[in-house]
Amino acid sequence: MSYDRTVRLAETDFGTATAAVRQALADQGFGILTEIDVQATLKAKLGHDMEDYLILGACNPPLAHQALEADRSIGLLLPCNVVVRRDGDHTLVQALDPGTMVTLTGLDALKPVADEATARLDAALSALSAT
């Protein structure tokens with residue numbers, strides 16, 4: 001089962017890609033609630049060197065509210081994680097497929113929320129690949 005939606009950005013440095021991801025998400029009504037710099041954390045805690053790797057916890061409040069009304073436990077899958085990471089000479093942007101909420105819970109009431117979130121995330125990812 002595929003659980004991600006991914007775009008590969010060529011010729012884009014990590015900082016520029018990250019700024020573009022933030023803007024593309026904002027344009028689709030997502031705010032960033034959390035940010036985890038995995039590269040810095042693993043370096044600080046384990047002395048491990050790795051490529052740029054950032055996890056953004058994106059949230060669209062109206063969609064989160066609808067999901068929580070359908071299932072209070074869905075908070076375990078919120079916010080929508082978006083990963084920005086280096087892969088060789090490219091930057092990958094990956095988002096958790098919102099349809100995973102429906103697949104994991106089996107709740108049809110979450111389908112409209114997942115469909116809307118998918119449309120918005122796909123639009124954000126498409127905007128990135130067009131730049």
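Reply: The account below begins with the sheet and then turns to the helices and loops around it.

This is a predicted model, in which local features need pLDDT of at least 70 and side-chain atom pairs count only at pLDDT 80 or more, while totals for chains, interfaces and linings use all residues. Residues are numbered from 1 along each chain as its sequence is written, and side-chain values use heavy atoms, with hydrogens and water left out.

The sheet is open and has 5 strands in the order β1-β5-β4-β3-β2, with antiparallel pairing. Strands here are DSSP runs of E with at least two residues, helices are runs of H or I with at least four residues, and both are numbered from the N terminus. Two strands pair if DSSP finds at least two bridges between them. The edges are formed by β1 and β2 (31-37), each of which pairs on one side only. From one strand to the next, the twist averages 20 degrees; axes are lines fitted to C-alpha atoms, for helices over the stretch in contact, and angles run from 0 to 180 degrees between N-to-C directions.

Strand β4 (residues 80-87) has 6 of its 8 residues buried, so it is largely enclosed by the rest of the structure. Buried means under 20% relative accessible area, exposed over 50%, and partly exposed in between, with a 1.4 Å probe and protein chains only. On one side, 6 bridges join β4 to strand β3 (residues 53-59), and the two run antiparallel; Leu54 stands opposite Val84 of β4. β4 also pairs with strand β5 (residues 90-96) in the antiparallel sense over 6 bridges. Arg86 has Thr91 of β5 as its bridge partner, and Asp87 has His90 of β5. The hairpin of β4 and β5 has 2 residues between the strands, and Gly88 takes a positive phi near 65 degrees there.

A cis peptide bond joins Leu78 to Pro79, with omega about -5 degrees. Most residues other than glycine have a negative phi, and most peptide bonds are trans.

Not counting residues up to four places away in sequence, Asp4 touches Gln94, Ala95 and Asp97, where contact means heavy atoms within 4.5 Å. Asp4 counts as partly exposed because its relative accessibility is 31%. Glu11 lies in the loop between β1 (4-10) and α1 (14-27). Glu11 has a positive phi of about 55 degrees although it is not a glycine, and at 79% relative accessibility it counts as exposed.

Helix α3 (residues 61-70) and helix α5 (residues 111-129) have axes that come within 10 Å and cross at roughly 155 degrees. The two helices are therefore roughly antiparallel, a class for angles over 145 degrees, with under 35 counted as roughly parallel, 65 to 115 as roughly perpendicular and the rest as oblique. Their contact is made by Leu63, Gln66 and Ala67 of α3 and Val113, Glu116, Ala117 and Arg120 of α5.
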